[in-house]
Amino acid sequence: MLHCLVIEDDAETRRYLCSGLQRSGYAVTSCDNGVEAQRLLQDGSWDVVVLDRMLPGEVDGVALIEMLRRGGDATPVLILSALNSVDERVRGLHAGGDDYLAKPFAMAELLARVENLVRRSAPARENTQLQVADLLLDARAMRATRRGTPIALQPREFRLLEYLMRHEGQIVTRTMLLEGVWDYHFDPQTNVIDVQISRLRGKVDKGFYPPLIHTVRGAGYTLKVLAGDAAISG
């Protein structure tokens, strides 16, 4: 599970951030001021930080990023701010921020940006051998099997399955799939994702138990063994 630190002084925005990230499978810790954030950044190991640019007191978002980078910490940081001028964005990025998202923002876009930062920050650590239940995937050999039976996948289907398996248990949104699998940074307004998920489900789940690919209504998709199925299969 990936660990995310949310630093945001507005209580409503902080709850919104934490809820959205947790629903997508992140373990989230939050705080509302720069002093507490300093302690958490120094004491913890984080996969990604979501940071409000404007914090109360003397320690603002830019100061926190500069502290991180001076200490050699390369944890990816997504800056959130109502200050959306070019100068402010440049200042945040020059301080060491990895991405900048203006308020107000859509949760789907924030999740896509967070995922992109996490993916870019640790490409070398990605495991090439993935397993969920009896589903095995070898990313290097581009081979997938279930219960020892080879699964014939087209290249796009393989990328889609790999993406879902790397996010086991997380809710994967349409935006995340478009960026992570199709390399689209816009929504083409087609049903391409639904069609590919349906085809992939037919190959991965048909004739096997338990089902692994699930639709989360109104949110996206997830690949996991449901609790009831785990009890039965165990």
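Among contacts between residues at least 6 apart in sequence, what percentage join residues at least 24 apart? And where does Gln196 sit, and which residues is Gln196 in contact with, leaving aside its neighbours within four places in sequence?

Guide: A word of caution: this is a predicted model. Take the contacts of the protein. Of those between residues at least 6 apart in sequence, 57% link residues at least 24 apart.

Now the overall build. The protein has 9 helices and 11 strands. Its radius of gyration is 19 Å, close to the 17 Å that the globule rule gives for 234 residues, so the protein is as compact as a globular protein of that length. The C-alpha trace spans about 60 × 40 × 35 Å along its principal axes.

Next, the surface. Charged side chains number 28 positive and 31 negative. The centres of these two sets lie 8 Å apart. As for burial, 47% of the 234 residues count as buried.

That brings us to your residue. Gln196 belongs to helix 8, which covers residues 192-204. Its relative accessible area is 12%. The cut-off for buried is under 20%, so Gln196 counts as buried. Which residues does it touch? Setting aside neighbours within four places in sequence, Gln196 is in contact with Arg156, Glu157, Leu160 and Trp182.

Then pick out its contacts, among them Arg156 and Trp182.

Methods. Residues numbered from 1 in each chain as written. Predicted model: local features only at pLDDT ≥ 70, side-chain atom pairs only at ≥ 80, totals over all residues. Heavy atoms only, no water. Helix = DSSP H or I, 4+ residues; strand = E, 2+ residues; numbered from the N terminus. Rg over C-alpha atoms; globule rule 2.2 N^0.38 Å. Buried < 20%, exposed > 50% of the residue type's maximum accessible area, 1.4 Å probe, protein only. Contact = heavy atoms within 4.5 Å. Lys, Arg positive; Asp, Glu negative; His and termini not counted. Charge placed at Lys NZ, Arg CZ, Asp CG, Glu CD.
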